[in-house]
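The following note sets out comments on the two-chain model shown below.

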Amino acid sequence: MLLLSKIKTYLQNQHLQLDEDVLINLKIQKQRAMINKDELLANELWCLIAVYKIQEKYLSMFQQLKNGQYEDAWKLLWQIEISIGNLQMNFGDEINNYNIMLINFIIKNYEKVFPEYVYLSRESIVKKEYCSICGKQILLRGGCNHIPGKLYMGELCIRVVKNIKFLGVAIVQNPLDKYAVLKIKGKDYNYQVLKCLMSQLESPFERWYVEGEKRKKPEYKNIGRNDKCPCGSGKKYKKCCLNTQKEYGIHYRITLLGRKNMKEREIKFLGRWVDKPEVSNKKL
Amino acid sequence: MLHESDLENNIKITDTDINFEIIYNKNYIPQQYINEIKKANVLIIPSEGFRDDNDICYFPECTSEFYGFLKNKKKIQTEICIDDDHFQTLELHADIIYIATLMVQYVVLPIVINLISAYLVDKVKSMNEDSKSINVNIHIIVEKNGKSKKIDYNGSVANLEKTMKVVEKTIFK
């Protein structure tokens with residue numbers, strides 16, 4: 001059995017591949033702490049397991065991005081986001097010792113270079129919920145005192161929904177859960193910016209960041225006041241988008257840190273969608 | 001309700017006829033808890049009607065946690081205007097935090113605003129977001145000397161406390 005102090009030191013360092021024995025050890029030690037009713041230790045071990053899993057998912061996500069498996073990487077990115085949220089609620093300042101906030105910083109930057117996905121979002125009425133810790137139904141008066149998102153004897157408290165009425169589905173751009181990505185037949189999302197970034201990155205821990213600033217969109221540059229408006233309304237530009245916020249969009253600038261003699265290189269972004277390879281080939 | 005935060009920072013204050021007395025007489029009020037409800041200076045009230053269904057009576061996601069949070073605060077007396085059999089939440093999976101509509105006495109408004117802000121700090125943290133990028137949707141009906149005003153806030157969590165502090169001082173002036 002590995003000493004907990006050794007496991008902690010191991011998790012505080014950056015690895016390109018994680019040792020599975022560390023996770024097995026943590027799980028065994030957590031089981032023991034639960035049997036011994038040592039809640040403090042069991043909760044700490046839950047946090048360390050979460051640290052291991054976040055690091056593991058982050059390494060997989062980087063590999064998937066390198067391999068061009070963007071949608072799979074996106075799912076992992078959101079699993080990491082959610083896990084970090086849970087960890088922040090339970091690990092206090094300790095979280096700063098395990099590269100988690102660095103990973104958080106990097107994934108938030110990755111999020112910005114993914115194409116603007118469109119999502120499906122569920123609308124439903126939740127009628128009955130249960131506590132994952134004690135199994136009791138959630139009641140307003142006289143229910144259990146377990147708080148969702150908090151740890152109890154090494155387990156995370158969540159709500160289990162058992163009675164739900166489905167109302168509908170909405171198409172949205174910013175839902176809370178960003179898993180249900182909507183796709184169009186024959187089209188792919190445009191991963192041009194991400195692809196270019198990944199060709200430059202060699203290690204998952206390489207430092208880089210994205211800045212966003214509002215700039216005039218390319219289609220609104222060099223057009224006359226009396227020309228047709230680029231938005232497609234059919235109106236004259238001067239009577240439509242001229243001098244409105246519609247002319248502006250976020251322009252992203254990616255900076256790779258620690259490189260020598262870097263020059264600014266422009267990536268022309270050609271929109272959210274591109275034809276799937278088989279569709280493009282048919283057109284040719 | 002919206003699924004996403006496409007809202008600009010916005011606050012609206014309007015006169016309203018709704019007061020504590022009107023709430024006590026609503027059909028959704030559980031009569032077995034009417035005494036506790038009448039003693040409360042903060043009431044959590046349901047929204048009525050969603051899309052084509054006018055009869056539906058619901059609360060936003062996480063209302064049971066929010067109720068538990070307020071209920072534990074001794075400076076205010078909070079009750080929720082529903083019983084367990086009729087309690088249901090509308091789940092939209094939005095990146096906007098919806099807070100259930102509150103009916104409050106003016107004297108406790110500053111405390112309620114502080115408590116909502118504290119609740120949201122933890123909420124945003126658990127979402128692994130920062131308070132500037134997450135919007136909150138709040139409706140508070142405030143009663144003072146028989147008159148009521150409704151505050152509707154649609155804006156960032158970061159700006160909430162600052163905006164509401166101004167509102168609480170000027171709302172009945």
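1. Chain A: overall form. The secondary structure of chain A amounts to seven helices and eight strands (helices, H or I, of at least four residues and strands, E, of at least two are DSSP runs, numbered from the N terminus). The radius of gyration of chain A is 24 Å, well over the 19 Å that the globule rule gives for 284 residues, so chain A is more spread out than a compact globule. Here the radius of gyration is taken over C-alpha atoms, and the globule rule is 2.2 Å times the number of residues to the power 0.38. The C-alpha trace of chain A spans about 80 × 55 × 40 Å along its principal axes.

2. Basis of the model. This is a predicted model, in which local features need pLDDT of at least 70 and side-chain atom pairs count only at pLDDT 80 or more, while totals for chains, interfaces and linings use all residues. Residues are numbered from 1 along each chain as its sequence is written, with chains lettered from A and ligands numbered from 1 in the order in which they are written.

3. Chain B: overall form. Chain B contains five helices and 10 strands. A compact globule of 173 residues would have a radius of gyration near 16 Å, and the 15 Å of chain B agrees with this. Its C-alpha trace spans about 40 × 35 × 30 Å along the principal axes.

4. Helices 1 and 2 of chain A. Helix 1 (residues 4-12) and helix 2 (residues 20-35) of chain A pack at an angle of about 135 degrees, with their axes 11 Å apart. Axes are lines fitted to C-alpha atoms, for helices over the stretch in contact, and angles run from 0 to 180 degrees between N-to-C directions. Helix 1 of chain A and helix 2 of chain A are therefore oblique to each other (angles under 35 degrees count as roughly parallel, over 145 as roughly antiparallel, 65 to 115 as roughly perpendicular and the rest as oblique). Their crossing is left-handed, meaning that the near helix is turned anticlockwise from the far one by less than a right angle; clockwise would be right-handed. From helix 1 of chain A the contact takes A:Leu4, A:Ile7 and A:Tyr10, and from helix 2 of chain A it takes A:Val22, A:Asn25, A:Leu26 and A:Gln29; two residues are in contact if their C-beta atoms, placed from the backbone, lie within 7 Å. Five of these contact residues are nonpolar, two are polar and none is charged. In this classification Ala, Val, Leu, Ile, Met, Phe, Trp, Tyr, Cys and Pro are nonpolar, Asp, Glu, Lys and Arg are charged, and the others, Gly among them, are polar.

5. Helices 3 and 4 of chain A. Helix 3 (residues 39-66) of chain A packs on helix 4 of chain A at about 160 degrees, with the axes 9 Å apart. That angle makes helix 3 of chain A roughly antiparallel to helix 4 of chain A. This crossing is left-handed. The residues in contact include A:Cys47, A:Ile54 and A:Met61 of helix 3 of chain A and A:Leu76, A:Ile80 and A:Leu87 of helix 4 of chain A. By class, the contact has 13 nonpolar, seven polar and three charged residues.

6. Helices 4 and 5 of chain A. Between helix 4 of chain A and helix 5 (residues 100-113) of chain A the angle is about 140 degrees, with the axes 10 Å apart. Helix 4 of chain A and helix 5 of chain A are therefore oblique to each other, and helix 4 of chain A passes helix 5 of chain A in a left-handed crossing. Among the residues making this contact are A:Ile84 of helix 4 of chain A and A:Ile103 of helix 5 of chain A. Eight nonpolar, one polar and two charged residues make up the contact.

7. Contact between the chains. Chain A contributes 27 residues to the contact and chain B contributes 22 residues. Helix 4 (70-90), strand 1 (119-131) and strand 4 (159-172) of chain A each supply at least two residues of the side of chain A that touches chain B. Strand 1 of chain A gives the most to that side, with seven residues.

8. A sheet across both chains. An open sheet of five strands has the order 4(A)-1(A)-6(B)-4(B)-3(B), with mixed pairing (two strands pair if DSSP finds at least two bridges between them). Strand 1 of chain A and strand 6 (residues 89-91) of chain B pair in the antiparallel sense over three bridges, and A:Ser124 has B:Glu91 as its bridge partner.
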